[in-house]
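Subject: Structure handover and findings

Dear colleague,

Please find the structure you asked for below. My notes on it follow.

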Amino acid sequence: MSIPSTYRETVSAQCGNKLVFVYNPFEQGCLWIFPVRDWEKLRDQVNGLSSLNAVHRNLQMKLVGAATVVECDSNGRLLVPASQRASAKIEKNAVLLGMGAKFELWSESAHQKQIAATIGEAEVTPDMMKLSL
């Protein structure tokens, strides 16, 4: 996978060309990609949860246990870990989204499904009502 040129300088300067791939614990067909420093903060928070709780263990497995540090080559390319790529069903085409503190890497079909889904009026939260869209 190639990091888009608009993000390459940031990844190089702020991340030392190293990113961490983890499973998205909430949506199928998507991986999360963090700068190492941001992932380390998240890792510490997640590891602080009690492993006696099954949901905590599941989150720990997906965000900590399966985390893979990957380094960009000189052309801004990353090798997406094979097990994570297979789990997210990412094949030839994928969609990379910049989501603030992290990237999301979606299988093309899962991304299309998400984009096609609309937010129903009953799903709008009070926080969303405050937005000026």
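Is Lys89 buried or exposed? Lys89 has a relative accessible area of 61%, and because the cut-off for exposed is over 50%, Lys89 counts as exposed. Lys89 sits in the loop between helix 4 (82-87) and strand 4 (94-98). Its backbone is worth a look too: phi of Lys89 is near 60°, which is a positive value in a residue other than glycine.

Before going further, please keep in mind that this is a predicted model. The rest is set out by topic.

The largest pocket has a volume of about 380 Å³. Its lining is made up of 18 residues, and those closest to the centre of the pocket are Glu27, Gln28, Gly29, Cys30 and Ser87. Helix 5 gives the most, with four residues. By residue type, the lining of the largest pocket has seven nonpolar, seven polar and four charged residues.

The second largest pocket holds about 220 Å³ of space. It is lined by 15 residues, of which Thr10, Gln14, Cys15, Pro35 and Gly100 are the closest to its centre. Here the elements that give two or more residues are helix 1 (5-15) and helix 2 (36-47). Helix 1 supplies the largest share of the lining of the second largest pocket, five residues. The lining of the second largest pocket divides into eight nonpolar, four polar and three charged residues.

Cysteines

How many disulfides does the structure hold? The count is zero. The cut-off behind both calls is under 20% relative accessible area.

Salt bridges

A search of the whole structure finds three salt bridges. They are as follows.

- Arg43 and Asp44 meet through their side chains, at 3.1 Å from N to O. Arg43 is partly exposed at 25% relative accessibility, and Asp44 is partly exposed at 48%.
- Arg77 and Asp73 form a salt bridge in which the closest N and O atoms are 2.8 Å apart. Arg77 has a relative accessible area of 44% and is partly exposed; Asp73, at 29% relative accessibility, is also partly exposed.
- Lys130 and Asp127 form a salt bridge with their closest N and O atoms 3.7 Å apart. Both of these residues are exposed.

Aromatic residues

The count of aromatic pairs comes to three. One of them is Phe26 with Trp32, a tilted pair with 6.0 Å from centre to centre and 45° between the planes. How exposed or buried are the two partners? Phe26 is exposed, at 65% relative accessibility, whereas Trp32 is buried, with a relative accessible area of 11%.

Trp32 also pairs with Phe34. The ring centres of Trp32 and Phe34 are 6.1 Å apart and the planes lie at 85°, so this pair is edge-to-face. The cut-off for that label is an angle over 60 degrees. Phe34 is buried, with a relative accessible area of 8%. Taken together, Phe26, Trp32 and Phe34 form one aromatic cluster.

Best regards

Definitions and conventions:
Residues are numbered from 1 along each chain as its sequence is written. This is a predicted model: local features need pLDDT of at least 70, side-chain atom pairs count only at pLDDT 80 or more; totals for chains, interfaces and linings use all residues. Side-chain values use heavy atoms; hydrogens and water are left out. A disulfide is a pair of cysteine sulfur atoms within 2.5 Å. On a 1 Å grid over the protein atoms alone, a cavity is a set of points where a 1.4 Å probe fits but cannot get out, and a pocket is an open set with protein on both sides within 12 Å along at least five of seven lines; lining residues have an atom within 4 Å of a point. Grid points are joined across faces, edges and corners, and a volume is the space filled by probe spheres set on the points. Ala, Val, Leu, Ile, Met, Phe, Trp, Tyr, Cys and Pro count as nonpolar, Asp, Glu, Lys and Arg as charged, and the others, Gly among them, as polar. A salt bridge is a side-chain nitrogen of Lys or Arg within 4 Å of a carboxyl oxygen of Asp or Glu. Buried means under 20% relative accessible area, exposed over 50%, partly exposed in between (1.4 Å probe, protein chains only). Rings of Phe, Tyr and Trp (its six-membered ring) pair if their centres lie within 6.5 Å; planes under 30 degrees apart count as stacked, over 60 as edge-to-face and the rest as tilted.
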